[in-house]
Amino acid sequence: MDLKQRNRLVIEQFRAGGPVEGMHRERLVLLTTVGRKSGQERTTPMMFHREGDRVLVMASNVGDQSHPAWYLNLVANPHVIVEIGHEKYDAIATPTTGDERERLWTTIKENYPFFADHEVKAKREIPVVALKKEV
């Protein structure tokens with residue numbers, strides 16, 4: 001099964017409200033961005049980390065040396081849709097920078113050590129993106 005097919009299955013299972021095969025449903029977010037070239041909505045399942053009222057997502061691309069497409073999309077258009085559990089809302093995506101990014105990245109690696117492996121493999125700074133609900 002290729003990645004696109006796997007993501008479609010995860011999205012379908014997530015939206016159906018039941019278990020998501022091979023994943024922890026409570027750690028999953030569906031992030032919908034607008035394609036920077038196509039202009040079409042693109043939904044990507046990924047894990048997240050909460051910090052206060054923000055949801056953080058990490059653009060590790062499983063250690064690939066390039067940023068994931070969803071990250072490039074939200075840089076071009078920061079208006080996104082977030083789905084967590086049974087909640088769905090519009091949000092603004094902001095890549096963190098400087099000391100804030102370093103603090104968050106350290107916390108994320110402490111909680112999820114595999115991200116340190118992604119960082120070594122990627123040989124790039126992994127963006128940490130804050131998703132804040134629009135009001």
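# Exercises on a predicted model

Just after helix H4, Lys123 adopts a positive phi of about 55°.

**Exercise 1.** Determine which residues of H4 are buried, and how they are arranged about the helix axis.

*Solution.* Start with burial: the residues of H4 that count as buried are Phe115, His118 and Ala122. Next, look down the axis of H4, where these buried residues fall within an arc of 50°, so they line one face of the helix. Then turn to the face directed away from the buried side, which carries the exposed residues Asp117, Val120 and Lys121. Finally, ask what lies over the buried residues of H4: the cover includes strand E2 (41–47), E4 and H3.

**Exercise 2.** Describe the span of helix H3 and the surroundings of its buried residues.

*Solution.* Helix H3, comprising residues 98–111, has 14 residues and reaches 20 Å from its first C-alpha to its last, which is close to the 20 Å expected at 1.5 Å a residue. Its buried residues are Arg101, Leu104, Trp105 and Ile108. Viewed down the axis of H3, they fall within an arc of 100°, so they line one face of the helix. Asp99 and Glu110, on the other side of H3, are exposed. The buried residues of H3 are covered by elements that include strand E3 (49–51), strand E4 (54–58), helix H4 (114–122) and strand E7 (128–133).

**Exercise 3.** Identify the residues with the most contacts inside the largest nonpolar core, and the elements that each supply at least two of its residues.

*Solution.* The largest nonpolar core has 18 residues, and Trp70, Val82 and Leu131 have the most contacts inside it. At least two residues of this core come from each of strand E1 (28–34), E4, H2, strand E5 (79–84), strand E6 (87–95) and E7. Apart from this core lies another, of 12 residues, including Leu56, Phe115, Ala122 and Val128.

**Exercise 4.** Is Asn73 buried or exposed, and which side chain does its own side chain join in a polar contact?

*Solution.* Asn73 lies in helix H2, residues 69–76. Since buried means under 20% relative accessible area, Asn73, with a relative accessible area of 5%, is buried. Its side chain is joined to that of Arg36 by a polar contact of 2.9 Å. Not counting residues up to four places away in sequence, Asn73 touches Thr33, Val34, Gly35, Arg36 and Arg42.

Note on methods. Residues numbered from 1 in each chain as written. Predicted model: local features only at pLDDT ≥ 70, side-chain atom pairs only at ≥ 80, totals over all residues. Heavy atoms only, no water. Helix = DSSP H or I, 4+ residues; strand = E, 2+ residues; numbered from the N terminus. Buried < 20%, exposed > 50% of the residue type's maximum accessible area, 1.4 Å probe, protein only. Polar contact = N/O pair within 3.5 Å; in protein donor to acceptor, adjacent residues only side chain to side chain. Contact = heavy atoms within 4.5 Å. Expected span 1.5 Å × (residues − 1). Arc of directions from axis to C-beta. Core = buried A, V, L, I, M, F, W, Y, C linked by side-chain atoms within 4.5 Å.
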